[in-house]
Amino acid sequence: AGDYTLTLPENLADFSQLSYEVDGERFSLEQYLVRNENAGLLVLKDGEIKLEHYGMGNTEETLWASFSMSKSVTSLLLGAAIKDGYIASVDDKVTDYLPRLKGSSYDDVRLRDVLQMSSGVSWNEDYTDLDSDVASYPGMDLVEIFKFLGEKERVAAPGEIFNYNTGETDLVGAIVRAAIGNNLSSYLEYKIWQPFGMEFDANWATHGSAGERAGCCMNVTLRDYGRLGLFALSGGHLTDGSAILPEYWMTESLSPSNGSAGYGYLWWLADDGTYSARGIFGQAIHVNPAEN
């Protein structure tokens with residue numbers, strides 16, 4: 001974090017009447033948070049804190065794992081790299097930036113395809129299958145990841161079929177690193193973390209010595225996850241109006257792909273205009289533009 005912090009004024013709303021019903025029994029929000037072992041819940045509206053809750057011993061300074069929420073941050077960084085001129089467009093080929101994959105099933109895959117999880121390359125993301133790709137791929141060695149993915153078969157034409165793929169998100173991170181000649185965490189700090197006014201230091205798990213795990217594992221405080229949501233909601237602008245992302249980037253990122261109406265550029269889309277970054281085991285940054 002830098003010297004500037006984006007203030008989140010506290011203007012708490014009354015949630016005491018909020019309740020829900022299961023099998024004829026009513027429960028309060030407080031009961032929900034306890035029963036579901038909620039570690040943290042923050043509601044921001046019009047830039048103000050309406051609700052802030054911590055559980056399980058956490059505080060406002062606790063870093064909490066993001067898992068796949070990091071994918072959406074990686075998407076933001078690729079947009080920033082386009083704005084800065086490091087990447088020409090999402091129609092560039094993966095192999096333009098990762099020549100190790102030339103001669104593989106990724107030869108005709110565009111950046112757009114991997115952002116939309118529609119490369120057409122075989123991948124099994126079944127977390128309950130210990131022999132699945134996500135359970136067995138060599139996540140701690142990026143060169144081995146290239147080899148592992150490069151040997152996968154093509155099962156569909158690029159851009160047609162959605163298939164959730166954490167391994168390919170690591171490729172997106174490697175593409176950004178190759179394009180900018182720097183680490184994702186350094187670029188994030190320089191482009192978003194300090195300029196937008198994140199409050200706390202954060203960290204990002206790596207592939208050993210080979211850079212950040214772009215598909216996973218940023219560790220961030222609850223309020224700064226909220227600020228990431230505000231950055232996305234702003235369309236990628238700083239509070240002074242400066243654009244960090246191309247003006248079209250968030251609109252394009254939040255447009256349904258050919259393969260899935262519910263997925264954009266590493267963001268989950270809902271049919272009511274809301275969107276979210278999501279991680280396994282329950283993390284989410286949920287953005288509702290209509291309600292600000």
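**Helix packing, sheets and pockets in the predicted model**

Helix 2 and helix 8 are roughly perpendicular to each other, a class that covers angles of 65 to 115 degrees, with under 35 degrees counted as roughly parallel, over 145 as roughly antiparallel and the rest as oblique. The model is predicted, with local features requiring pLDDT of at least 70 and side-chain atom pairs pLDDT 80 or more, while totals for chains, interfaces and linings use all residues. Residues are numbered from 1 along each chain as its sequence is written, and side-chain values use heavy atoms, with hydrogens and water left out.

Helix 2 (residues 69-83) packs against helix 8 at an angle of about 70 degrees, with the axes 11 Å apart. Axes are lines fitted to C-alpha atoms, for helices over the stretch in contact, and angles run from 0 to 180 degrees between N-to-C directions. Helices (H or I, at least four residues) and strands (E, at least two) are DSSP runs numbered from the N terminus. The contact (heavy atoms within 4.5 Å) involves V73, L76, L77, A80 and A81 of helix 2 and L184, Y187, L188, K191 and I192 of helix 8. By class, the residues of this contact are 9 nonpolar, no polar and 1 charged; Ala, Val, Leu, Ile, Met, Phe, Trp, Tyr, Cys and Pro count as nonpolar, Asp, Glu, Lys and Arg as charged, and the others, Gly among them, as polar.

Helix 8 (residues 184-196) also meets helix 9, where the axes come within 11 Å and cross at roughly 110 degrees. Helix 8 and helix 9 are therefore likewise roughly perpendicular to each other. I192, W193 and F196 of helix 8 make this contact with D224, R227, L228, L230 and F231 of helix 9. The residues comprise 6 nonpolar, no polar and 2 charged.

Strand 9 (residues 275-279) pairs with strand 10 over 5 bridges, and Y275 has V287 of strand 10 as its bridge partner.

Strand 3 and strand 4 pair in the antiparallel sense over 6 bridges. In their hairpin, with 2 residues between the strands, D46 takes a positive phi near 55 degrees.

The largest pocket has a volume of about 1,200 Å³. A pocket is an open set of points on a 1 Å grid over the protein atoms alone, where a 1.4 Å probe fits, with protein on both sides within 12 Å along at least five of seven lines; lining residues have an atom within 4 Å of a point. The volume is the space filled by probe spheres set on the points, which are joined across faces, edges and corners. Its lining has 39 residues, of which G40, L41, L42, L222 and A284 lie nearest the centre. Elements giving two or more residues to this lining include strand 3 (40-45), helix 9 (222-233) and strand 10 (283-287).

How values were computed. Pairing = 2+ DSSP bridges.
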